[in-house]
Amino acid sequence: MILGMADYPSVEGSLEDFLNFASRLRIRVLELKLDRLELLLALSKTDKVLDIKNLSDSYDFKYFVHVPSIDTNLASVNPLLRRAFKKTILKVIVFAAELDAELLVSHVGRLSRDYPRKLVRKAMKNATDSLRKINQISNDMGIVFTIENDHKSNDYVLAGYPEQINFLIENVGCKLTFDIGHANTIGKIEDFTKLLDKFIVNVHLHDNNGKEDEHLPIGKGSIDFIGVFKRMKDWRSQKPLIIECHSFAGLKESIDFMRREFLR
């Protein structure tokens, strides 16, 4: 089983604290989220990127990079903001290449409910155009580019439902980071896997009760993880399984669950 974990701004301590924690848990893959201020500020400072590179190289992890999702929206109908978001992500690709990251994860974006529904098509086109360019540059640099399925929201979701995700992947040419917790807030997880499994190269694991994106430890919500992995047998041997809880305690509890249930 290829077990990993993802960073998050609410996880306590520094990046080095997070790396040490993951090392103690014998994790194989780390997904570094650039919403962590320590990483976000490094995008504009070459010497800081080198410091992070030296730090990351001192551990024996495989690295993935998650582009900033807070305050970032590639689907924005504001062209000035959208250009800034796209520029940020292009910097992230360079950062990921410096860290020898194998895979990049990006959210697609949404359309605010303050806009009329008729702008959903425009927002989807904006996102698709940006993602297509980002995918091309990522692939040219030897990095697998993935989009992540979204969770239920009060805004217009563009990548939440299986058909939306399938449309995006076919038009962008990218792969999918499948977030089980997000899918559980939208519908039945098997509806996603039936249509999209051929595109899935990375899996995010966390729990919730089906109504909102809670990022609970695995086993503390309504998701039948035993059933999911019984259906998707190849995931346990072939897919990176990235735990996404927002605290050290939640991460450890989830790692313990996965090893207890699936490494017997």
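**Spaces and contacts in the model**

The largest pocket holds about 350 Å³ of space. Of the 20 residues lining this pocket, Ser69, Ile70, His107, Arg110 and His151 are the closest to its centre. By class, the lining of the largest pocket comprises two nonpolar, 10 polar and eight charged residues.

Before I continue, please note that this is a predicted model, in which local features need pLDDT of at least 70 and side-chain atom pairs count only at pLDDT 80 or more, while totals for chains, interfaces and linings use all residues. Residues are numbered from 1 along each chain as its sequence is written, and side-chain values use heavy atoms, with hydrogens and water left out.

Some terms also require their cut-offs. On a 1 Å grid over the protein atoms alone, a cavity is a set of points where a 1.4 Å probe fits but cannot get out, whereas a pocket is an open set with protein on both sides within 12 Å along at least five of seven lines; lining residues have an atom within 4 Å of a point. Volume is the space filled by probe spheres set on the points, with grid points joined across faces, edges and corners. In the residue classes, Ala, Val, Leu, Ile, Met, Phe, Trp, Tyr, Cys and Pro are nonpolar, Asp, Glu, Lys and Arg are charged, and the others, Gly among them, are polar.

How many cavities of 30 Å³ or more are there? The count is two. The largest cavity has a volume of about 40 Å³, and its lining includes Ser69, Ser106 and His107. That lining divides into five nonpolar, six polar and no charged residues. The second largest cavity, of about 30 Å³, is lined by His107, Val108, Gly109, Glu148, Asn149, Asp150 and His182.

Let us turn to Asn149. Asn149 sits in the loop between strand 6 (144–148) and strand 7 (156–157); strands here are DSSP runs of E with at least two residues, helices are runs of H or I with at least four, and both are numbered from the N terminus. Is Asn149 buried or exposed? Asn149 counts as buried because its relative accessibility is 1%, where buried means under 20% relative accessible area, exposed over 50% and partly exposed in between (1.4 Å probe, protein chains only). The side chain of Asn149 reaches the backbone nitrogen of Asp179 at 2.6 Å. Leaving aside residues up to four places away in sequence, the contacts of Asn149 (heavy atoms within 4.5 Å) include Phe178, Asp179 and His182.

Ser153 is placed in the loop between strand 6 and strand 7. Its side chain makes a polar contact with the side chain of Arg110 at 3.5 Å.

Finally, the aromatic residues. Rings of Phe, Tyr and Trp (its six-membered ring) pair if their centres lie within 6.5 Å; planes under 30 degrees apart are stacked, over 60 edge-to-face, and the rest tilted. The count comes to seven aromatic pairs. Phe21 and Phe248 form a tilted pair, 4.3 Å centre to centre with 35° between the planes. Phe21 lies in helix 1 (residues 15–24) and Phe248 in helix 11 (residues 248–262), so this pair ties together parts 227 residues apart in sequence. One aromatic cluster is formed by Phe178, Phe192, Phe229, Trp235 and Phe262.

How values were computed:
A polar contact is a pair of N or O atoms within 3.5 Å; within protein, one must be able to donate a hydrogen and the other to accept it, and residues adjacent in sequence count only if both atoms are side-chain atoms.
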